[in-house]
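Welcome to a short tour. Open your viewer, show the side chains, and follow along stop by stop.

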Amino acid sequence: MRLAEAGFEVLAGVRRAADAELWKRAGQTRVHPILLDVTDPAHIASVPAELDRRLAAGDKLVAVVNCAGFLLAGPLETTALTDWRRQFETNLFGPVALIQATLPALRRSRGRIVNVSSIGGILSQPLISAYTASKFALEAASDSLRIELRLQGIEVVLIEPGAIATPLLDKSARQFLNVIESLTAQARALYGGQLSAFAQVSDVAGRFASPPEKAAATILKAITARRPRARYLVGWDARFLALLKRLLPDHWRDAVLKRLGGF
């Protein structure tokens, strides 16, 4: 909606036809929903033809914003490999697939790629190892891609938010508590206290989260800046944790994260 207000025509990926209908009824004429589940190869394969159909004469693809993502909670020991793969399918392989599908159009327009990562892609945190690993991987892929595409005139930008007041954050505290219920008695004895503490911290973090409008404004800046930065942090918590990463030795940083996590 922020991009539409700035004058862009926006192709907004939705996973369900019902969500497309909601957008259409919202009356925002510059937002055009398209069915796009980034984990569905058929949906990805349809994107080039969709762009050819929608790009009128003289139009160009200004940017691709990879913002699909979800957070999987749980100790590394008890998180099934199938769940690890599901986390990477959405948070890493989906964006990579969409980039591959749209690069020819971006190359013609010298457009931009904006990948929404996370402060979790800079600083690992306990009990969300699959999530942070997927975001670290997205950061690494973006760094490589930025160099690969520089001579082709395509900029690659990372957005690194902290806590943002979206449904993802709303679900996180409940998810930690749900994980406790799913554990065996032995695993609950090992990790239940940590998960319960982290759920409380997540609930508190939600009250101080940055509004989604702040992230949207940062994405708009990444798209429109004449010389965009490689990275944009969003939120005071993201800046604080990035500072921890830069300034503290590993063991000291671990101690701070344990305290912040309520362990």
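A residue is called buried under 20% relative accessible area, exposed over 50%, and partly exposed in between (1.4 Å probe, protein chains only). By that scale Arg-146 is buried, at 14%.

Before moving on, note that this is a predicted model, where local features need pLDDT of at least 70, side-chain atom pairs count only at pLDDT 80 or more, and totals for chains, interfaces and linings use all residues. Residues are numbered from 1 along each chain as its sequence is written, and side-chain values use heavy atoms, with hydrogens and water left out.

A salt bridge here is a side-chain nitrogen of Lys or Arg within 4 Å of a carboxyl oxygen of Asp or Glu. Because they are three residues apart in helix α6, about one helical turn separates Asp-143 and Arg-146; helices are DSSP runs of H or I, at least four residues, and strands are runs of E, at least two, numbered from the N terminus. Asp-143 is partly exposed, at 23%. Now select Glu-139, Glu-160 and Arg-231 too, which join this pair in a network of salt bridges.

Next, pick Arg-253 and Asp-250, another salt bridge, at 2.7 Å between the closest N and O atoms. Arg-253 is buried, at 9%, whereas Asp-250 is partly exposed, at 48%.

Last, go to Leu-127, in the loop between β4 and α6. Its phi is near 70°, a positive value in a residue other than glycine. Leu-127 is buried, at 8%.
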